[in-house]
Amino acid sequence: MGPLPVGNRSRESCAGHINPVSVFYLVHALAELGFTGMAITVDRYQRSGLGKLILWWLPIRLMAAWIGLREARKYRTIDDSNRALVQSLNGLPILLGRTIVVTARKG
């Protein structure tokens with residue numbers, strides 16, 4: 001999405017309504033702001049993606065493991081503070097969810 005003009009919203013524009021932020025960065029921002037008990041759920045699973053997931057499940061898991069090891073060992077970007085979140089990125093809710101819902105508590 002390109003930039004939107006300020007003060008000139010029309011019905012044809014998206015009006016800034018869609019903001020593609022990855023789940024990782026959303027949950028990371030919540031954690032940085034002191035939120036706890038983050039949970040990632042979905043409103044429902046998309047059955048249309050199930051066939052593709054069956055075909056791609058093993059390659060996704062292998063690549064996630066390889067990239068995860070490289071990030072943890074070489075770049076040291078994965079540690080105990082974010083390991084569970086990173087591992088959840090290739091879970092069924094993220095891969096098959098229609099709408100991803102993140103909940104958290106301010107604590």
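Buried residues have under 20% relative accessible area, exposed residues over 50%, and partly exposed residues lie in between (1.4 Å probe, protein chains only). By that scale Leu92, at 41% relative accessibility, is partly exposed.

The model is predicted, so local features need pLDDT of at least 70 and side-chain atom pairs count only at pLDDT 80 or more, while totals for chains, interfaces and linings use all residues. Residues are numbered from 1 along each chain as its sequence is written, and side-chain values use heavy atoms, with hydrogens and water left out.

**View 1. Overall chain.** The chain holds four helices and two strands; these are DSSP runs, with helices H or I of at least four residues and strands E of at least two, numbered from the N terminus. Along the sequence the pattern is α-β-α-α-α-β. Of the 107 residues, 13% are buried. The accessible surface is about 8,600 Å², and carbon and sulfur atoms account for 59% of that surface; areas come from the Shrake-Rupley method with a 1.4 Å probe, and for residues only the protein chains shown count as cover.

**View 2. Leu92 and a nonpolar surface patch.** Leu92 belongs to helix H4 (residues 92-96). Together with Tyr45, Trp57 and Leu95, Leu92 makes a nonpolar surface patch of about 350 Å². Patch residues have over 30% relative accessible area and no salt bridge; nonpolar side chains (Val, Leu, Ile, Met, Phe, Trp, Tyr) are joined within 5 Å, like charges within 9 Å. A salt bridge is a side-chain nitrogen of Lys or Arg within 4 Å of a carboxyl oxygen of Asp or Glu.

**View 3. Helix H2 and its end.** H2 bends by about 55° at Trp56, and Pro59 follows within four residues. The bend is the angle between axes fitted to the seven residues ending at a residue and the seven starting there. Just after H2, Arg76 has a positive phi of about 55°.

View 4. Asn82 sits in the loop between helix H2 (50-75) and helix H3 (83-88). Asn82 is buried, at 12% relative accessible area. Leaving aside residues up to four places away in sequence, Asn82 touches Phe24 and Thr77, where contact means heavy atoms within 4.5 Å. A polar atom of the Asn82 side chain lies 2.9 Å from the backbone oxygen of Thr77.

**View 5. Gly37 beside Ala104.** Gly37 is in strand S1 (residues 35-42) and is partly exposed, with a relative accessible area of 41%. Gly37 and Ala104 are 67 residues apart in sequence, yet their C-alpha atoms are 5.4 Å apart. Beyond four places in sequence, Gly37 touches Thr103, Ala104 and Arg105.

Terms used: Polar contact = N/O pair within 3.5 Å; in protein donor to acceptor, adjacent residues only side chain to side chain.
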